[in-house]
Amino acid sequence: MSQTNKQRPLDRIDLSILDCLQKDARITNVNLAKKVNLSASPCLDRVKRLENEGYIERYGAKLNASKLKFGMSAFIQVTLDSTTSAIFDQFKVAINEIKEVAECHMVAGGFDYLVKIRIGDMEGYREVLGRIVDLPGVSKNHTYVVIESIKDDLGLPIV
């Protein structure tokens, strides 16, 4: 991804392209061009520019977590015993090694990190929690198990 190219402001068509692609990354260029009222070649040029400028980071598929035995989610508040850059760096490296961690956010407020994990059951939760509490600097944690997902991330609200 080359971001050294001079970036021009996004116009209505660029935003429409991004919106279409985040809803269906498998859309053909011909169908995408029709949706955004362009011919195929200029549409493809715009998509490539959006990729090169870093607006499109990657393409992927949304997998069915339940069918793949990761149907349970939990959010864990993590508080570190100190807030030094060394501890933050150690935690960052270690949390990225736990495959069940779907997201990890450093937050401002009453704790340091909010961690989302995906597991299959309570046994899996206990195992992952055990690894998280043993990470460098972790002093406290509090878990919220998801009972029902009301709204999943559907992408950015760009149009």
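**Pockets in a predicted model**

By class, 7 nonpolar, 1 polar and 2 charged residues make up the lining of the second largest pocket. The structure is a predicted model. The volume of this second largest pocket is about 160 Å³, and that of the largest pocket is about 2,000 Å³.

Second largest pocket

- The residues that line the second largest pocket are K92, I95, N96, I98, V101, A102, E103, C104, M106 and Y113.
- At least two residues of this lining come from helix 4 (85-95), and at least two from strand 2.
- Strand 2 is the element that gives the most to the lining of the second largest pocket, with 5 residues.

Largest pocket: size and centre

- The largest pocket has a volume of about 2,000 Å³.
- It is lined by 42 residues, of which R58, K62, D153, L154 and G155 are the closest to the centre of the pocket.

Largest pocket: elements and classes

- Two or more lining residues of the largest pocket come from each of helix 1 (12-23), strand 1 (72-80), strand 2 (101-106) and strand 3 (113-119).
- Helix 1 supplies 5 residues, the most given to the lining of the largest pocket.
- The lining of the largest pocket holds 20 nonpolar, 14 charged and 8 polar residues.

Strand 2 in both linings

- Strand 2 is among the elements that give two or more residues to the lining of the largest pocket, and strand 2 also gives 5 residues to the lining of the second largest pocket.

Conventions:
Residues are numbered from 1 along each chain as its sequence is written. This is a predicted model: local features need pLDDT of at least 70, side-chain atom pairs count only at pLDDT 80 or more; totals for chains, interfaces and linings use all residues. Side-chain values use heavy atoms; hydrogens and water are left out. On a 1 Å grid over the protein atoms alone, a cavity is a set of points where a 1.4 Å probe fits but cannot get out, and a pocket is an open set with protein on both sides within 12 Å along at least five of seven lines; lining residues have an atom within 4 Å of a point. Grid points are joined across faces, edges and corners, and a volume is the space filled by probe spheres set on the points. Helices (H or I, at least four residues) and strands (E, at least two) are DSSP runs, numbered from the N terminus. Ala, Val, Leu, Ile, Met, Phe, Trp, Tyr, Cys and Pro count as nonpolar, Asp, Glu, Lys and Arg as charged, and the others, Gly among them, as polar.
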